[in-house]
Each structure stands twice: as C-alpha cells, then as structure tokens.
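Please keep the sequence and structure at hand while reading.

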Amino acid sequence: METRKIIADMLDDSHRYLMNTYSRQPLVLRKGRGIKVWSADGKEYLDFVGGIAVNVLGHCHPKVVVAIQKQAQRLLHVSNLYHIEPQIKLAKLLCTHSFADKVFFCNSGAEANEAAIKLSRKYAKEHFDEKRFEIITALNSFHGRTLATVTATGQEKFQKGFEPLVPGFKYVPFNDINALRSAINKNTCAIMLEPIQGEGGVKVPSDDYFKEVREICNENGLLLILDEVQTGMGRTGKLFAYEHYGITPDIMTLAKGLGGGVPIGAMLATEKVAASFQPGNHASTFGGNPLVSAAAIATLETILEDGFILDNCNRMGAYFIKRLLELKDYYPEKIVDIRGKGLIIAVELTGDGSPIVKACLEKGVLINCTSGNVLRFTPPLIVEKKDIDHLIDVLEEVLSK
C-alpha cells in the first residue's frame, strides 16, 4: 500500500479511536535518535520540543536503552509491597544529589504534585491543627490535570467545566512577594511554586524572590513545595532549578526528564516532613517499578557522570538566547521578549504563535507554543550550535513572511 495512504489511514484511526484531548499535529512519528525524529514517511525533523522537556538526553540514548533492555530481561514489575533494587538505588542517587532525605515514586508530574498536596496537609494537621490546610499557589502556574492539581493550577482555562474544585487553594501573582505575604492566614499550610513557570510562558522570577519566599515559610511555619516537574533534571543548567536561588524546599516534585523518556514521577522531602506519610496514607501501584527506575538511574548517572550535559545546557542555552535576541532586533514588531534559563527558553510574540509552529513543522523543525503567543523551546540537553543555527535560520525565514 502506498505510504501516503497508510499514514492517512493512521491519522483517520487516531481521530476515530483516541479521545480528543490534544490538538495533535498531522504527523506520525516513528523513530528518534539524539535531537532528531523521523516520521512514518521517512521525513527528518529537528526536535526542539523534546517531549516537552522529557527527552533530556535526546531520543533513545544508548545508556537508557541498554538499561531498559537489561532490566526487561530480569524483572519488569513487582508490587511496592516488596523492596525493589533499582528503586532503592534511584532514591539514594536523588537524595545524595539534593536536599531530600526520602523519595516517593509515582508515574507522572500530576501524581507527584498530588502526593505533595496530600503530604503537606497531613504534616500541617499533625504539627499544627485540623484547620491548617490551605495552599497558596501562583497565578499563571501549572501543576497537572488531576482534580487537585488542576485546582492548584492558577489558570481558570484549565479549571473551567470541572467545578466544583477542591477547596483550600489561593492564588497570588508570581514574583510578587507582598501579595504572597498578604495571602497568608492561620489556615495556610504550604506555598507551592514552580521555580520557573513553564506552561505559563517560561516566566523567570527575580533573583531574590525565592530567598524571600523561603524566609516567609520559615517565619510562618509553612512548607515550601517546589514543582520541578519541568525545570528539574538539568533543564536549567543545574540538576535542580532551586540551586540557582540559594535555597532548599521542604518538598520537591519531579517527572518529565527523570526517566529519560519513560514515565516516572517522584516526590522528594526532608526526613521530618516525609515522616507524616505512613503505610496506607498514600501509594502508587506502578510507582518506581524496576523498569522505569532502571531507566531513571541511567538518565541521572549520565547527567552527572562528567559534567558535560549540564555544561552543554548552560553553554547552548546562552548561545540560543544570544541568537534569539539577534532575531528580536530584526523583528521588533513581531517579538516582544526573549527569556529563559538553561534550555527552557521562550520567545514571546506580538501575535498568535500557532502559524509559526505550523510553518516550522513544514520546514522540518518541531517547536511548541504555549499561552497562545509564546514559543517554548525545550530541546534535548545535548543540542549543538549547528542545531540552534538551523532553527534560527528557519525562524528567520518564517518571520520574514
């Protein structure tokens, strides 16, 4: 059968059998290596989406693939009713390289944030009183799609149609320390923030914002929850984004890049806070199973092994922003702002970004648009100058029309 007909049939079946929860591009991807992917008809694409910050080591990194193959031949899954060797090693690695003492494993960022919400409420009830359950989050934030995490998300467009929402959440403007301080009352138990707002348009706070947030938490006995689902695992040029701000959280959530392409989430916490979870309080059947833990170990060890990944993220991130600023100088009427840290970078446009995404796709480059007018770039951390230069050339050609 002709390739074009086969792909058309697949797209028809996709529309017919998959729920309509994504505005998918008309593209069936079949193979990936490094920063490149290939469609079912053999066309090559440069991937600056990276699974939305998932593919930190690129597609099908050899060490991750080998780790999965070896583990798949040994043990795929057992219940968390038993100790799991790769899970123990992964938890130790994460704790050794972060503020945390304990880890809870799950399957996604939403699930990790759900666990953080539950843990912070339980901690507050045990250490303070029953009425202390409110969590302050930021406007324009994004914390997931479960009912509690969509309520934590400070954007009405994600909440509309799912009311009534979970009680006990307040929203304040991001990077506004006075608004945050004013929102605290006797019922507040935690502050939950992203170090950089990703889905909200790659909003980077001022350098001293998180130091002041940490001080407010200390003064009021509040837990600081950092949602590093998108910014963790080297994305900002440090293993975790909180390291940029000279503070540590009480709870941190991870997912996306943690498994190098396989679905795994994690909630990390200090010993004192983690102690509020006891057997029966929370669980996840597949969380941290042998297969995903082996992939995550290979991913984390590769990020840490010689410093190259983080160094490349910093160097390429700086180069990327420099080239985008040059583009902004050429097209001030179309580009409002360039911002980001490491390799989570945004171009804010004066108009709709979807035609730009479509035009880049037609020219063999995958990019993403968020908030309607913000192009978000989260390529693999192994991206090279020649890849960035090619993207800039394509963007320039698209913007010139």
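## Salt bridges

E130 is exposed, with a relative accessibility of 57%. Its salt-bridge partner is K125, and the closest N and O atoms of this pair are 3.9 Å apart. K125 counts as partly exposed, at 31% relative accessibility. The model is a predicted one, and a search of the whole structure finds 18 salt bridges in it.

E271 and K102 form another of these salt bridges, with 3.9 Å between the closest N and O atoms.

R323 and D389 form a salt bridge in which the closest N and O atoms are 2.7 Å apart. Because R323 lies in helix 12 (residues 308-330) and D389 in helix 14 (residues 385-399), the pair ties together parts 66 residues apart in sequence. R323 has a relative accessible area of 16%, which is under the 20% limit, so the residue counts as buried. D389 is partly exposed, with a relative accessible area of 22%. Through shared partners, salt bridges join K322, R323, E326 and D389 into one network.

An open sheet is formed by seven strands in the order 4-10-9-8-7-5-6, with mixed pairing. Its edge strands are strand 4 and strand 6 (169-172), each of which pairs on one side only. From one strand to the next, the twist averages 20°.

Inside this order, strand 5 (residues 134-138) and strand 7 (residues 188-193) run parallel and are joined by three bridges. I136 stands opposite I191 of strand 7. As a general point, strands of a sheet pair through backbone hydrogen bonds, either parallel or antiparallel.

Four strands form an open sheet with antiparallel pairing, in the order 11-12-15-14. Strand 11 (335-341) and strand 14 (368-370) are at the edges with a single partner strand each, so one side of each has no neighbour in the sheet. The twist in this sheet averages 25° from one strand to the next. Three bridges hold the antiparallel pairing of strand 14 with strand 15 (residues 374-377), and C369 stands opposite L375 in strand 15.

Strand 1 (residues 29-33) and strand 2 (residues 36-39) are also antiparallel, paired over four bridges. R33 has K36 of strand 2 as its bridge partner. Two residues lie between the strands of this hairpin, and there G34 takes a positive phi near 60°.

## The second largest pocket

The second largest pocket holds about 880 Å³ of space. Helix 4 (85-96), strand 4 (102-106) and strand 10 (265-269) are the elements that give two or more residues to its lining. The lining has 30 residues, and those nearest the centre of the pocket are N80, Q87, V103, F104 and F105. By residue class, the lining divides into 18 nonpolar, ten polar and two charged residues.

Most residues other than glycine have a negative phi, and most peptide bonds are trans. Where does this model contain a cis peptide bond? The cis bond joins E163 and P164, with omega at about 5°. P164 is in the loop between helix 7 (156-159) and strand 6.

Positive phi values occur at C60 and M233, neither of which is a glycine. Phi is near 55° at C60 and about 60° at M233. C60 lies in the loop between helix 2 (50-53) and helix 3 (62-74), while M233 is in the loop between strand 8 (223-227) and strand 9 (251-254). Are these two residues buried or exposed, or partly exposed? C60 counts as partly exposed, at 43% relative accessibility. M233 counts as buried, at 1%.

Conventions
Residues are numbered from 1 along each chain as its sequence is written. This is a predicted model: local features need pLDDT of at least 70, side-chain atom pairs count only at pLDDT 80 or more; totals for chains, interfaces and linings use all residues. Side-chain values use heavy atoms; hydrogens and water are left out. On a 1 Å grid over the protein atoms alone, a cavity is a set of points where a 1.4 Å probe fits but cannot get out, and a pocket is an open set with protein on both sides within 12 Å along at least five of seven lines; lining residues have an atom within 4 Å of a point. Grid points are joined across faces, edges and corners, and a volume is the space filled by probe spheres set on the points. Ala, Val, Leu, Ile, Met, Phe, Trp, Tyr, Cys and Pro count as nonpolar, Asp, Glu, Lys and Arg as charged, and the others, Gly among them, as polar. A salt bridge is a side-chain nitrogen of Lys or Arg within 4 Å of a carboxyl oxygen of Asp or Glu. Buried means under 20% relative accessible area, exposed over 50%, partly exposed in between (1.4 Å probe, protein chains only). Two strands pair if DSSP finds at least two bridges between them. Axes are lines fitted to C-alpha atoms, for helices over the stretch in contact, and angles run from 0 to 180 degrees between N-to-C directions.
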